[in-house]
Amino acid sequence: MRLDKYISGCGYASRKEIKRLVRQGVVTVDGETAKKSDMDVSEDSEVRVNGEELCYHEFVYLMLNKPAGFVSATEDKKYPTVTELIGGEYAHFNVFPIGRLDIDTEGLLILSNDGALAHELTSPKKNVYKRYFAVVDKPRGESDIKAFAEGMEFKDFTAKSAKLEITENSREVYIEIAEGKFHQVKRMCERVGKTVTYLKRVSIGGLKLDDSLAPGEVRELTDAELKLLK
């Protein structure tokens, strides 16, 4: 790969800045001063800037505690997007949200530039269940649990068997679904005569939302968390 791609992939600098650093003679590759920013290097090359050794990684994986009021997109003409919550150090990775949460829905959202992982997590065929905490306007009952478990037919898709878990407060529930279609949780609740007044995603597969993340905060996934997703 090109040297400038390697360095930008380390989150060190933009490609324009890298050209300047190379001209200044502060970039070395395997102990030799780099002459051009587009020279070929490998992932195993030892690249240093001002003596600091860099570590290249092609993909980045971020956990965001999405707040209400942001759309799950990279750009939008009307509303702020979740990518606006990502720090500048990740800008060069061009991350995108994996899956989506409605603008008024909060909670766990993964952002990455790894398209293969995105497919694994969002394809209904993969049966990756997403768990939500919901508050509804009317108490739940055993008939609702059964209706969710049997799956539901809609005009645009068929919802697979879903799990409805009632808490001590019958208006507060946990719902697990495999698809994540547009307004799916809300539509399934409406099918059994309930309206969702608050919705928050708390887990994707085995990955749980970090409770220490305040709404709007983001951090990289740990290796252990990434293994849970993969």
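A residue counts as buried when its relative accessible area is under 20%, as exposed when that area is over 50%, and as partly exposed in between, using a 1.4 Å probe and protein chains only. At 9% relative accessibility, Ser8 therefore counts as buried. The structure is a predicted model, in which local features need pLDDT of at least 70 and side-chain atom pairs count only at pLDDT 80 or more, while totals for chains, interfaces and linings use all residues. Residues are numbered from 1 along each chain as its sequence is written, and side-chain values use heavy atoms, with hydrogens and water left out.

- Ser8 lies in helix H1, which covers residues 3–9; helices (H or I, at least four residues) and strands (E, at least two) are DSSP runs, numbered from the N terminus.
- A polar atom of the Ser8 side chain lies 3.0 Å from the backbone oxygen of Lys5.
- Leaving aside neighbours within four places in sequence, Ser8 is in contact (heavy atoms within 4.5 Å) with Ala13, Arg15, Ile18 and His92.
- Ser8 is also among the residues that line the largest pocket, including Lys5, Arg15, Tyr56, His92 and Asn113; on a 1 Å grid over the protein atoms alone, a pocket is an open set of points with protein on both sides within 12 Å along at least five of seven lines, whereas a cavity is a set of points where a 1.4 Å probe fits but cannot get out, and lining residues have an atom within 4 Å of a point.
- The largest pocket has a volume of about 170 Å³, where grid points are joined across faces, edges and corners and a volume is the space filled by probe spheres set on the points.
- Helix H1 gives the most to the lining of this pocket, with 3 residues.
- By class, the pocket lining has 2 nonpolar, 6 polar and 3 charged residues; Ala, Val, Leu, Ile, Met, Phe, Trp, Tyr, Cys and Pro count as nonpolar, Asp, Glu, Lys and Arg as charged, and the others, Gly among them, as polar.

- Helix H5 spans residues 184–191, and its buried residues are Gln184, Val185, Lys186, Met188 and Cys189.
- These buried residues pack against strand S8 (130–136), helix H4 (142–149), strand S9 (152–153), strand S10 (158–159), strand S12 (172–177) and strand S13 (196–204).
- Just after H5, Gly193 takes a positive phi of about 80°.
- A search of the whole structure finds 1 cavity of 30 Å³ or more, and the largest cavity has a volume of about 120 Å³.
- The largest cavity is lined by 14 residues, of which Asp102, Tyr132, Lys181, His183 and Gln184 lie nearest its centre.
- Helix H5 supplies the largest share of this cavity lining, namely 3 residues.
- By class, the lining of the largest cavity has 6 nonpolar, 4 polar and 4 charged residues.

**Salt bridges**

- Side chains of opposite charge can pair when their charged atoms come close.
- A search of the whole structure finds 13 salt bridges, a salt bridge being a side-chain nitrogen of Lys or Arg within 4 Å of a carboxyl oxygen of Asp or Glu.
- Asp102 forms a salt bridge with Lys186, the closest N and O atoms being 3.4 Å apart; the pair links distant parts of the chain, with Asp102 in the loop between strand S6 (96–98) and strand S7 (106–112) and Lys186 in helix H5, 84 residues apart.
- Glu165 is partly exposed, with a relative accessible area of 29%, whereas Arg131 is buried, with a relative accessible area of 18%.
- The side chains of Arg131 and Glu176 also meet in a salt bridge (2.6 Å, N to O); Arg131 lies in strand S8 and Glu176 in strand S12, so the pair ties together parts that are 45 residues apart in sequence.

**Thr197 in strand S13**

- Thr197 is found in strand S13 and is exposed, with a relative accessible area of 55%.
- Not counting residues up to four places away in sequence, Thr197 touches Val135, Val136 and Asp137.
- Thr197 and Thr105 are 92 residues apart in sequence and 9.9 Å apart in space, C-alpha to C-alpha.

Terms used
Polar contact = N/O pair within 3.5 Å; in protein donor to acceptor, adjacent residues only side chain to side chain.
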